[in-house]
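Subject: Structure for your review

Dear colleague,

Please find below the structure that I am handing over to you. My notes on what was found in it follow directly after.

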Amino acid sequence: MKRIKWIAALGIFLIAFSLNVSAKRALHKDKAQIAYNRGNYTAALALWEKSIAKYERRHKEVKCPYYTKAGMAAIKLKKTDVARQLFEKAIHSASVSPVSYVELARLYRKIDNLSLEIFTLENYVKKYPAGSAIDTVKERLFATYVESENWDEALKLWEKLPEQVKNSIAFKTGYLKVNRALKNREVCDRVSSEILKSDPKNVTALDWKAKKYFWLAENRYQAELNAYNKNKTRSQYVELLRAFKEVTVNFKRSLNYFKKLYPLQSTAENANYLGNIYARLNDDAKAKYYHYVADRKKAAHK
């Protein structure tokens, strides 16, 4: 009988002890959250880091539920390196959430680690396709694809962007860059025209138009000249003169765009284009001037 009573007493003690430990853990957890809610981020971070350390000592990081919360506290304290390390652990733990990926991507952007930012944004899109930040994440992911010249992925993602975003000048400009790289000329013609209606000083769109008409003119000029040199007949000469009239129209179109582009982007390349156009239009003084400017700019960059 005494043995049964002893066992019962021991059981009650163990239950009480367990409840006491659980209560202490809950209190510890509540203290951290209360501190965070009150704006005492230093205390909150310290308490959460203490809890994290216990999980890590037992090699149970995967089960740790505090990494994301601690990361948010670190952000409030502007401890970006600490926050990044916490969120890196969070995405492999029980505390993973959409917030973990969003904040981690933002921190990678801050340290200019484009590849890890892309990886993190891609994971958000895969794991949380209906997440509250999905549109914002897709927008940033498209921008990173353009920046990293990941043209095929950017083109795939374009159709998944909200219409409002696709109609913005900034994103249309990115879309133009993508299609230019992929040599989708018809799309480039259409999009560059749309951009210039709203933003007449858009460098990317002006550059496309200026070079498009230059090479239309120059390629035709060279082709007709070669044809005449191979067959110097009267009829071929007449054809050459007729072609030169059409070529002149496109050179003038190109000149119109380059004159708008050059004050915005005064590069050696653009100066050289202007020199070549003026040469084709028989304006020797301006051709000489822009070729001189182009040479000076090239020399300055050596």
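This is a predicted model: local features need pLDDT of at least 70, side-chain atom pairs count only at pLDDT 80 or more; totals for chains, interfaces and linings use all residues.

R106 counts as partly exposed because its relative accessibility is 38%; the term covers values between the two limits, with buried meaning under 20% relative accessible area and exposed over 50% (1.4 Å probe, protein chains only). R106 is placed in helix 5.

Residues are numbered from 1 along each chain as its sequence is written, and side-chain values use heavy atoms, with hydrogens and water left out.

The overall form

The protein has 15 helices and 0 strands; these are DSSP runs numbered from the N terminus, with helices being H or I of at least four residues and strands E of at least two. The protein is more spread out than a compact globule, because its radius of gyration is 33 Å, well over the 19 Å given by the globule rule for 302 residues. That radius is taken over C-alpha atoms, and the rule is 2.2 Å times the number of residues to the power 0.38. The C-alpha trace spans about 130 × 35 × 35 Å along the principal axes of the protein. Of the 302 residues, 37% are buried. Among contacts with a separation of 6 or more, 45% are accounted for by residues 24 or more positions apart, where contact means heavy atoms within 4.5 Å.

The expected span is 1.5 Å times one less than the number of residues in the helix. Its buried residues include I134, V137, L141, F142 and Y145. The buried residues of helix 7 pack against helix 5 (98-110), helix 6 (114-127), helix 8 (151-158) and helix 10 (169-181).

Helix 13 (residues 234-261) has 28 residues and reaches 40 Å from its first C-alpha to its last, close to the 40 Å expected. Among its buried residues are L240, A243, V247, F251 and F258. The buried residues of helix 13 pack against helix 11 (185-198), helix 12 (203-230) and helix 14 (268-280).

Two positive phi angles

Most residues other than glycine have a negative phi. Against that background, which residues depart from the rule here? D112 is not a glycine, yet has a positive phi of about 60°. D112 lies in the loop between helix 5 and helix 6, and counts as exposed because its relative accessibility is 63%. E149, which follows helix 7, likewise has a positive phi, near 60°. E149 is placed in the loop between helix 7 and helix 8 and is exposed, with a relative accessible area of 54%.

A residue of helix 15

D295 is found in helix 15 (residues 284-300) and counts as partly exposed, at 47% relative accessibility. D295 and E186 are 109 residues apart in sequence, and their C-alpha atoms are 34 Å apart in space.

With kind regards
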